[in-house]
Amino acid sequence: MKKNLMFSLAVLTAGSLLAADASPKDDVAGAATALGNQANYSWHTTVEAGNGGFRRGPTDGKTEKGGFTTVSMTANDNTTELVIQGTNAAIKTADNGWQSAAEAAQDNGGGGFNFTAFIARMAQNYKTPAAEAATLAGQTQGLTAGTNGISGDLTEDGAKGLLTFRRGNGGPTVSNAKGSVTFWVNDGMLVKYQTHVTGTVSFNGTDRDVDRTTTTEIKDVGTTKIEVPDDAKKKLE
């Protein structure tokens, strides 16, 4: 009996020490993992004070573990829909209807900025909130827990990635990139996160000063239902 009692106390003490050693970055990483392990969830993303580039409206998304992810986004008063399954994606625009990512990514030969091709590249590299939050947590110079969430400054590369929508090579160049991120966690799971980035984005000889705040709120965890149009499914085959 005495040995069992001592063993139980040792386990409790070890658990307490592990909990004490957990950092705010660990808490965010764990909260993002907890969200990603859910069967499904939805989210709503808004952009505030979005200077520079095209006007971005709200984005609504749904995802199911191991299944489909659907996204509806607005930009320049136009709505674009995405259906993503693994590394495949289908894109629907007002002008072209449903296309595969490969079809949408084809150069139209007109030069300049090809919005549909840009969306196709975005779809193929799209991160759901659970995945994006984990990436952002890894791109901070330090996270601190406060009364208003867990916050920290982004690295320069992290801020640049958000300013260019993670377009990679061939995209715009960025100078004076700065950013911060705040995460909100409830009962060990991510419920909201917000990024704020500033910098100068240069593309095709044009400089734009950007000051953008993006907020993503998680909802309908475990109760989200996804319906994929047959035309979109055909483009994923």
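Visitor: Where is Thr 87 found?
Guide: Welcome! This is a predicted model, in which local features need pLDDT of at least 70 and side-chain atom pairs count only at pLDDT 80 or more, while totals for chains, interfaces and linings use all residues. Residues are numbered from 1 along each chain as its sequence is written, and side-chain values use heavy atoms, with hydrogens and water left out. With helices (H or I, at least four residues) and strands (E, at least two) taken as DSSP runs numbered from the N terminus, Thr 87 is found in the loop between strand 4 and strand 5.

Visitor: Is Thr 87 buried or exposed?
Guide: Buried means under 20% relative accessible area, exposed over 50%, and partly exposed in between (1.4 Å probe, protein chains only). Thr 87 has 69% relative accessibility, so it counts as exposed.

Visitor: How many helices and strands does the protein chain have?
Guide: Happy to zoom out. The chain holds 237 residues, of which 37% are buried. Its secondary structure comes to seven helices and 11 strands.

Visitor: What share of the contacts with a separation of 6 or more joins residues 24 or more positions apart?
Guide: A contact means heavy atoms within 4.5 Å. Among the contacts in the protein chain with a separation of 6 or more, the share from residues 24 or more positions apart is 54%.

Visitor: Is helix 2 roughly parallel or roughly antiparallel to helix 5?
Guide: Axes are lines fitted to C-alpha atoms, for helices over the stretch in contact, and angles run from 0 to 180 degrees between N-to-C directions. Helix 2 (residues 24-36) and helix 5 (residues 129-138) pack at about 165 degrees, with axes 8 Å apart. Angles under 35 degrees count as roughly parallel, over 145 as roughly antiparallel, 65 to 115 as roughly perpendicular and the rest as oblique. Helix 2 is therefore, relative to helix 5, roughly antiparallel.

Visitor: Which residues of helix 5 make the contact with helix 2?
Guide: On the helix 2 side, the contact uses Lys 25, Val 28, Ala 32, Leu 35 and Gly 36. An α-helix has 3.6 residues a turn, so residues three or four places apart point the same way. On the helix 5 side, the residues are Ala 130, Ala 133, Ala 134 and Ala 137.

Visitor: How many nonpolar residues does that contact of helix 2 with helix 5 have?
Guide: Ala, Val, Leu, Ile, Met, Phe, Trp, Tyr, Cys and Pro count as nonpolar, Asp, Glu, Lys and Arg as charged, and the others, Gly among them, as polar. The contact has one polar and one charged residue, and its nonpolar residues number seven.

Visitor: How far is the C-alpha atom of Leu 136 from that of Ala 29?
Guide: Leu 136 lies in helix 5 and is buried, with a relative accessible area of 0%. Ala 29 is 107 residues away along the chain, yet the two C-alpha atoms are separated by 9.6 Å.

Visitor: Which residues does Gln 99 contact, leaving aside neighbours within four places in sequence?
Guide: Gln 99 belongs to strand 6. Its relative accessible area is 14%, so Gln 99 is buried. The contacts of Gln 99 beyond those neighbours are Ala 89, Ala 90, Ile 91, Ala 104, Thr 116 and Lys 235.

Visitor: Which residue's side chain makes a polar contact of 2.8 Å with that of Thr 182?
Guide: Thr 182 sits in strand 9 (residues 173-186) and is buried at 14% relative accessible area. A polar contact is a pair of N or O atoms within 3.5 Å; within protein, one must be able to donate a hydrogen and the other to accept it, and residues adjacent in sequence count only if both atoms are side-chain atoms. The partner of Thr 182 is Ser 151.

Visitor: What is the phi of Asn 176?
Guide: Most residues other than glycine have a negative phi. Asn 176, in strand 9, is exposed, with a relative accessible area of 58%. Its phi is positive, near 55 degrees.
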